[in-house]
Amino acid sequence: MKRTVTRVLSVCIVFFAIFTVISVWRVIQATPHFPEPVADSVDQLRIVLITENQSTDFWKQVEEGAIQAGEKQGVLVEAWAGFGTEDQDFNRNLETAIYSKVDGILVQGQDTEAFKELTKIKAAFYGVPIITVGEDVPAEESLRKTYVGSNQIEAASLLAETMAEKMNYQGEIVVVGDEQPTYMQKQRLQGVEQTLEAYPEITFTYQGMGDTKEEIMNATMERLNQSPDATSWLVLDSKVAYFVTQEIKRRTQVDPYLIYSFDEAPEVRSLLQAGVIDGMIRQRPQEMGEQGLNLLVQWIRGETVPLNSDGYPTPFVLEEAGL
Amino acid sequence: MTIQNKIWGLVSLAVLVMGAIWIALTYSNQQAQEQYSSILSRYLQMNEVTTSSQALVTELNEYIRLPVPAQEQRLQEEEQQLRGIQQRVEALRTETNQLDMTNYLLMMDSLIEASNRTLSFVKQSEVDAVTQEFNEANRIAASLEDRTLYILDQELRTYNGLYQELIQQSDELETLGLWLLGLISSIVLLVAYRFSLSITRPVHELTRAANEVAQGNFQTPIHISSNDEIAFLARTFDTMRENINDLFEETQEKARLENELQESQLLLKESQLKSLQSQINPHFLFNTLNTLSKKAYLDGAEETSDLLVSVAGLLRYSLKKVDQSVTLAEEVHVIEQYIAIQKARFAERLTFHLEVDERLLDTYIPSLTLQPIIENAMIHGIEKLVDGGTITLRIYREQESVLAEVEDDGPGMQPEELHRLLHQEVRSETGHSTSIGFQNVVKRLQLFFNRADVLTVTSAVGVGTTVTLHIPLQKEVPVE
């Protein structure tokens, strides 16, 4: 009797002890880890990357490059991006960053008055240095320190040269861009113009397009009607490439068409793989982010002053279908 | 450990454990409470930033409308308040929100700077600049509001996970509490059980021992293997058992002795009866002898009659006086009777001389002391000689002693024979004696006079034997 009671109770103790230990372990595991408060003074540089559209693959890579470089440099980097194409979000973010007295801003250049005013007046007033990434605005209009990204004129030249060769240096090229071409598009157009000057047999027409699907398709249709012989298309902005090719496909066989585009957007890549597009310029967005951040940090720290105002070009390649 | 200490120990242990658990639970509860409230206070403080910055802009607007010192004072107060909030918000910076929070703090700086610029422009009455700076301040305040929402959103995202973890931890704590309750209950049950055993076991042992003692077994020692009050009780009880055991044994011994005494008394009574019985016959015999003597006398056999009288006298003397002291006179009278009988037997072979100092006849000696010596001389000195012999009894005084000397002229004794006579016990093989041996005589004399040298024997082969009794000279009759 005595032994039975002792044994049963001992078994109970062992049983409960095991589960108690497990439970203690689980409680310790479940302890919430509150973010550690930081010390009073923050000497880490604060840099903000502001872009227009968060969801674009291109800008995601820029962001990635900047953040990675920031970790290496020991600076705090954050990407602020608006949703969609609303300029308002973009400008507001830029303004907030300036009010926040960040140490530097990496920004997607925008060819708008508001942008220019913010960079030129407000940023200068608050003493915030700005470097444009991927897209540029004229230095004199924005007081940007420098530009990091592809040299758009050179990239356009490469495209135009390739197309001219494919066209045997004769025929008509339709250049597609915004109705109000941005500074970047203008640069690209400039590159195309400069190249084609050497080939008098080739003429080119600029076709401006709206923002919506209908507008793009209508403009494409109109152009197809007006220039029925023009089978060479050069798309300055990847965002319209899809709808332009859709419209051409709807109208006729796409094969004889020679279509080249800028920017590696996912839809452009699939068009390239499908053989609808014959080639595209692939840029190095990650490198842009990385280099842009490094230059900004160097400028803030006084290591490289002044920065080359003409910009720091990043490499680009022409990727052609079937290669 | 005493029972009291045991109880104290058990209760203290239980209280201690319960207390420790209570403290731990309270502590963890408080911890969780603090964590909850710290999260909530973050939100509230950030919300205050918006309120305060809006208030600052409102006061600024009022000041532009009505630039009086009182309003400026209010503006200053609003600014101070915002600074205070700024300081509190500064403490909310963490690793994850460092950038956003620093931006946020510096935006407040920008707002205050813009407000101050507006103020100074108002004082300089530069209307355009005032409007511009006020708009700037307004925009900054709006941006701050935006940012507040943004940071709150981020915080919610960060602390949502923490909330989940807190809730999970409290669930885990609840489970832990249940397991712990089980564990402690088991331990307390076990300890209490062992503890109760340690109290009741000695009691059981003691009860068993008491039962044994009650049944009369005083031999088994009581041993209790604990070290408390019960053990003390047991030791006392054991001492009591030992005492009872000793008493019991003593009583038993006494009873045994009494029993033996009783038995021996019975035996004594029996022997007395027997001796009485044995006395009856001699008396009968003695009376018969007297009757025979008278008959012989009447029949004319006077010699026979005398002989019978002598036999009867001797018989009476031997029956009556064996335990008493007698005078030498009585003793000599008995010897005369004895000699008369022996003469009838030995006739001319026996010559008996009696040389007695009459003055010494009052001397007391144990009865039947001389007769056995005479008898001995008769056996050794007369019986063995065909021509018979002479026995002389002399009683005379020598210095302070009375000497009684029995001399025979028999064959004498070899030294070994003489030694045997003096030191051997009463011989039983000789059927002629009156049963009182030589040794008996010696012993009795030694006891009577309380001295060792009461008798000397000289003997020479072919010459004879002389036995001398040394009797101390007495003035009074010795007390019996």
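In this predicted model, Met46(B), Val49(B), Ser53(B), Leu56(B), Val57(B), Leu60(B), Tyr63(B) and Ile64(B) of helix 1 of chain B are in contact with helix 3 of chain B, where contact means heavy atoms within 4.5 Å. On the helix 3 side, the residues met include Met101(B), Tyr104(B), Met108(B), Leu111(B) and Lys123(B). By class, this contact holds 13 nonpolar, three polar and one charged residues, with Ala, Val, Leu, Ile, Met, Phe, Trp, Tyr, Cys and Pro taken as nonpolar, Asp, Glu, Lys and Arg as charged, and the others, Gly among them, as polar. The axes of helix 1 (residues 3-65) and helix 3 (residues 98-124) of chain B come within 10 Å and cross at roughly 10°, axes being lines fitted to C-alpha atoms, for helices over the stretch in contact, with angles from 0 to 180 degrees between N-to-C directions. The two helices of chain B are therefore roughly parallel, a term for angles under 35 degrees.

Chain A contains an open sheet of six strands in the order 7-6-8-9-10-12, with mixed pairing; strands pair if DSSP finds at least two bridges between them, and helices (H or I, at least four residues) and strands (E, at least two) are DSSP runs numbered from the N terminus. Strand 7 (202-209) and strand 12 (317-320) of chain A are edge strands with a single partner each, so one side of each lacks a neighbour in the sheet.

Residues are numbered from 1 along each chain as its sequence is written, and chains are lettered from A and ligands numbered from 1 in the order written. Local features need pLDDT of at least 70 and side-chain atom pairs pLDDT 80 or more, whereas totals for chains, interfaces and linings use all residues, and side-chain values use heavy atoms, leaving out hydrogens and water.

Key: Parallel < 35°, antiparallel > 145°, perpendicular 65-115°, else oblique.
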